[in-house]
Amino acid sequence: MDRRALPNPLRLVMARTLAWALWFGGWLVLGEAGHRHMPLWAGGLLPLALWLAGVGLLLLGLQRRRVSMGVLRAALMASATVLAGLGVAVGTPALLLASALAWSMLLVAASLTVQALRRQAPSRPPAPLVPATGGALLAWSLVAVSDMSTAHGAAVAVAALAMALLVPRSASPVPACRGGLFDCSLPAPDPARWRHPSDWPQQAALLAMLPMMATLPAMAVWCRSDWGLSPATGLLWHLAAMLLPALLLRHALARAPAQVRNVMVVALMGASAVAMWARPGLDGLMWVALLQAAAWSLAWAGPMLRPPAETNRAQHAPEAGSASRLLAPPLLVLALGVFTADFGPDALRAVQALLAALALAGAAAGAIGWLTNSLLSEKRT
């Protein structure tokens with residue numbers, strides 16, 4: 001089929017689905033490879049940290065620059081060739097780290113492809129809930145069906161080549177996405193939002209993606225005895241908790257005011273704190289991860305489901321910004337790996353407790369501020 005015969009909305013959906021598959025696939029494949037072949041290097045999280053660092057450095061290098069469609073195709077083809085040749089998880093640390101860097105280039109090129117297709121859309125595209133879910137299923141099926149490094153490398157190469165076919169021929173050069181990666185998928189902390197305690201619940205929920213995705217291979221081992229789940233089934237539970245809440249509640253979230261969405265996020269983060277206290281063992285670790293994954297789902301999707309006017313006023317997608325913002329994710333993953341290697345599940349539990357505490361503290365501060373303003377306004381009247 002001639003790719004020019006595909007309507008742009010369909011090409012955008014296909015590109016988004018492939019980009020999300022590459023995003024989730026990076027977490028799952030590189031995370032499992034690091035856990036298996038480099039367990040003594042930051043608890044097996046060094047490949048993931050290097051992958052995220054490569055993404056951040058590339059995005060920093062692309063600031064105030066535009067990438068042509070020819071360069072995009074060349075980057076996709078080159079990264080596909082490297083990953084197919086290395087087989088992604090080959091067992092050799094040096095080659096595994098090289099695969100992580102090649103995957104960084106592939107993911108940024110995929111993000112720019114999505115950006116180019118979005119710019120050709122005559123109106124604002126819908127929120128990417130269906131493509132994200134489809135991409136997660138593609139990534140999960142890859143790791144669930146086969147644990148062979150050659151199969152992973154070949155599948156990623158096929159996805160990259162398919163993405164190269166979707167790159168528009170006549171589009172103008174594009175800059176990087178304002179949110180960093182496509183569809184605000186990169187959980188990069190925004191310092192401006194952390195200055196306001198009322199934003200802490202949303203920001204804490206968005207950051208919850210990092211420890212959960214980074215520790216999925218280890219959590220599959222930790223929780224196997226308590227839940228009786230196979231590693232593939234455990235991965236599916238986590239991905240479902242991340243994507244199904246927003247997908248199933250998308251119409252309600254689009255109609256609900258921002259305050260209601262915030263309350264839902266706070267409720268889920270608070271429920272994770274309760275689960276942590278009520279079930280302190282490994283069984284509770286799984287419950288906390290699922291609840292915080294659902295909170296991430298609503299915090300991530302909520303801004304994209306807002307009406308256009310509300311979205312413009314909220315300015316929820318800041319500029320990709322500083323090195324500290326884009327390099328924070330790999331540093332946080334690296335630190336988590338170091339502490340996990342020393343303290344095991346307790347390291348993840350501490351991070352989850354900190355995120356829940358920040359969310360609840362921000363909600364309390366916001367409620368006190370609202371009550372104070374209400375009392376002051378009543379006195380003035």
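Arg-349 and Asp-346 lie three residues apart in helix H18 (residues 345-380), so about one helical turn separates them. Helices here are DSSP runs of H or I with at least four residues, and they are numbered from the N terminus. The side chains of Arg-349 and Asp-346 meet in a salt bridge with an N to O distance of 2.6 Å. A salt bridge is defined as a side-chain nitrogen of Lys or Arg within 4 Å of a carboxyl oxygen of Asp or Glu. Arg-349 is buried at a relative accessible area of 17%, whereas Asp-346 is partly exposed at 48%. Buried means under 20% relative accessible area, exposed means over 50%, and partly exposed is in between (1.4 Å probe, protein chains only).

The structure is a predicted model, in which local features need pLDDT of at least 70 and side-chain atom pairs count only at pLDDT 80 or more, while totals for chains, interfaces and linings use all residues. Residues are numbered from 1 along each chain as its sequence is written, and side-chain values use heavy atoms, with hydrogens and water left out.

Three salt bridges are found in the structure. One of them joins the side chains of Arg-16 and Asp-183 at 3.1 Å, N to O. Arg-16 belongs to helix H1 and Asp-183 to the loop between H6 and H7, so this pair ties together parts that are 167 residues apart in sequence. Arg-16 is buried, with a relative accessible area of 4%, and Asp-183 is buried at 2%. A further salt bridge is formed by the side chains of Glu-32 and Arg-36, at 3.2 Å from N to O. Glu-32 and Arg-36 are four residues apart in helix H1, which means that about one helical turn separates them. Glu-32 is partly exposed at 30% relative accessible area, and Arg-36 is partly exposed at 42%.

Aromatic rings were examined next. Rings of Phe, Tyr and Trp (its six-membered ring) count as a pair if their centres lie within 6.5 Å; planes under 30 degrees apart are called stacked, those over 60 edge-to-face, and the rest tilted. By this rule there are nine aromatic pairs. Trp-27 and Trp-51 form an edge-to-face pair, with 5.5 Å centre to centre and 90° between the planes. This pair links distant parts of the chain, as Trp-27 lies in helix H1 (residues 8-37) and Trp-51 in helix H2, 24 residues apart. Both Trp-27 and Trp-51 are buried. Trp-194 and Trp-200 form a tilted pair, with 6.2 Å between the centres and 45° between the planes. Trp-194 is partly exposed at 21% relative accessibility, and Trp-200 is partly exposed at 22%. Ring pairs also join Trp-20, Phe-24, Phe-182, Trp-296 and Trp-300 into a cluster.

Helix H3 (residues 69-86) has 18 residues and should span 26 Å at 1.5 Å a residue, which agrees with the 26 Å between its end C-alpha atoms. The expected span is 1.5 Å times one less than the number of residues. The buried residues of H3 include Met-69, Leu-72, Ala-75, Leu-76, Ser-79, Ala-80, Leu-83 and Leu-86. They cover an arc of only 145° around the axis, which puts them on the same side of H3. The arc is that of the directions from the helix axis to the C-beta atoms. Exposed residues Thr-81 and Gly-85 are carried on the face of H3 turned away from its buried side. Just after H3, Gly-87 has a positive phi of about 75°.

Most residues other than glycine have a negative phi. Arg-64, which is not a glycine, has a positive phi of about 60°. Arg-64 is in the loop between helix H2 (46-61) and H3 and is exposed, at 83% relative accessible area. Cys-184 is likewise not a glycine and has a positive phi of about 55°. Cys-184 lies in the loop between helix H6 (149-166) and helix H7 (191-194) and is partly exposed at 25% relative accessibility.

Conventions:
Helix = DSSP H or I, 4+ residues; strand = E, 2+ residues; numbered from the N terminus.
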